[in-house]
Amino acid sequence: MNSLQLIAALMPVLSVFLLLVVLRLPATKAMPFSLLICAVASFGLWRMSPTYMLAATLEGICLAFSILWILLGALLLLNTLRETGALDVIRQGFVRLSPDPRVQLLLIAWLFGSFLEGAAGFGTPAAICAPLLVAVGFPPLAAVVLALVADSSAVSFGAIGTPVVVGLQQGLQATDEQVLQIALQAIGIDILVASVLPLLMCVMLTCFFSARASLKAALVMAPFALICGLAFTLPAYLVAWLLGPEFPSLIGAMVGLLLATMLIRKGWLQPKVLWQISDQPQTSVPSAQTRVSLIRAWLPYLIATSLLVLSRINALPFKAYLQALDLNWTGILGTELSVSFQPLYLPGGLMMLATFLSLRFLRADQGMLQRAWTASLLSLKGAVISLGTAVPMVRLFIHSGQNQAGLQSMPLELANLAATHLADHWLIIAPFLGALGSFIAGSATFSNLMFASMQQATAGLAGLNHNLVLALQMLGANAGNMICVVNVVAAASVVKLAGQEGRVISFTLFPMLYYCLAAAFVATWLV
């Protein structure tokens with residue numbers, strides 16, 4: 001790989017960072033420009049064939065539609081709740097449990113978000129939790145940033161263990177026992193690293209998103225925040241050890257929610273002084289027209305999460321039934337690329353189903369449902385452009401191994417270059433490589449698939465423990481989830497924050513750096 005080809009390989013990363021974060025262009029402009037730059041570099045310097053480039057682009061457009069389908073389901077559920085007044089009731093439920101935004105943040109984003117990650121993954125937690133945070137009074141920018149930061153540790157075992165059982169296992173061609181040992185190593189490090197994230201989230205909330213910045217307001221939350229962190233990571237470790245990689249995030253978050261709720265009701269470890277984001281007092285009662293009870297208001301989310309969990313358990317028949325409707329395109333333009341779309345199995349379809357099943361309980365009429373559909377579709381306008389160009393760029397990057405220059409794919413060439421020159425410092429580099437995979441590919445699963453075998457080979461060359469390095473790959477992929485373009489665009493679109501994706505990444509970049517560096521430090525200490 002010569003210097004020009006190195007620049008070409010770096011273009012997808014550099015162009016996104018420059019256009020989104022530095023120049024602060026909206027994603028609707030930054031991502032089409034990034035796609036164009038990547039396409040020119042792929043053709044002119046990487047020597048990909050036009051046919052294969054077009055096939056990869058079409059594959060990306062189809063995958064972008066799958067993501068938009070998930071967002072549409074989340075938005076329809078949210079807007080239906082808003083139209084029926086159920087969202088006001090949910091908001092008041094959180095306010096009655098604790099009127100303190102710091103406590104609400106940990107309940108909604110950290111624990112409920114981790115539960116959603118364990119059940120569905122693929123951007124669902126931020127798409128649901130960000131608007132819930134807005135509903136209880138958070139500024140939209142704060143809601144998106146903090147929901148993305150929270151959606152990190154649980155990604156190790158998200159979507160019923162997919163990053164492990166698909167990403168890691170297929171990337172290594174390893175046995176169940178091998179990947180379980182790697183996963184246990186990762187969650188073991190996470191107990192020390194990720195358990196601090198709830199406190200970090202409180203610091204970001206009180207210092208960056210409040211009317212009066214105050215570090216002290218965050219530090220008084222330390223006991224409760226650390227308990228919330230450990231209430232997730234410790235049960236997750238035990239579940240991984242006892243049951244395997246499918247349910248640690250799901251069960252760990254459930255245990256954490258139960259424990260946190262008990263502490264709040266007892267008044268234990270709660271701040272003595274109420275803190276507010278703004279100087280404006282919170283509104284206290286839902287409108288008089290709201291006739292939905294708290295249980296009925298939560299019912300759509302309970303139905304949705306139940307459907308998500310039941311549909312992901314292989315021992316039950318629901319998964320096969322839902323996957324029976326499979327729209328697939330194999331051999332795109334004569335290449336080996338293929339893509340499938342399973343509308344009923346994807347979280348979006350299940351959230352739509354939960355919405356329809358809940359209409360009677362929410363006392364929704366046809367006009368409410370029609371307004372909810374209209375608002376949901378209108379909210380996706382910016383995301384259609386952003387995701388419709390971001391995902392094809394990612395697929396070009398990943399499939400660039402099909403070229404006439406005798407090169408591997410761009411991410412693998414970059415990884416090999418790093419391994420060649422930085423093997424002596426690999427415990428620091430390994431998590432950042434995992435983060436790069438998630439940043440570009442939009443998924444920890446794809447990051448593990450891309451880089452697991454290379455991480456293992458580099459560990460052998462550097463004389464490092466293979467499981468430790470692969471655990472860092474997993475944790476880095478978690479961290480990259482905070483800044484991944486696809487997740488940022490998705491979360492921003494559901495709270496009408498399209499155009500501010502660069503600002504979001506500028507906030508989530510520092511927690512990502514903490515996660516990677518802290519994991520590397522713990523790994524170095526273990527060696």
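Is Ile227 buried, exposed or partly exposed? Hi everyone, let's find out together. This is a predicted model, where local features need pLDDT of at least 70, side-chain atom pairs count only at pLDDT 80 or more, and totals for chains, interfaces and linings use all residues. Residues are numbered from 1 along each chain as its sequence is written, and side-chain values use heavy atoms, leaving out hydrogens and water.

So, Ile227: its relative accessibility is 31%, which counts as partly exposed. For us, buried means under 20% relative accessible area, exposed means over 50%, and partly exposed lies in between, using a 1.4 Å probe and protein chains only. You'll find Ile227 in helix H12, residues 222-243. Helices here are DSSP runs of H or I with at least four residues, numbered from the N terminus.

Next, please look at helix H3, residues 50-84. Its end C-alpha atoms are 50 Å apart, which agrees with the 51 Å that 35 residues should span at 1.5 Å a residue; that expected span is 1.5 Å times one less than the number of residues. Of those 35 residues, 25 are buried, so H3 is largely enclosed by the rest of the structure. Just after H3, Gly85 takes a positive phi of about 85°.

Finally, over to Ser506 in helix H24, residues 501-526. Ser506 has a relative accessible area of 19%, so it is buried. Not counting residues up to four places away in sequence, Ser506 touches Val21 and Arg24, where contact means heavy atoms within 4.5 Å.

Technical notes
Helices (H or I, at least four residues) and strands (E, at least two) are DSSP runs, numbered from the N terminus.
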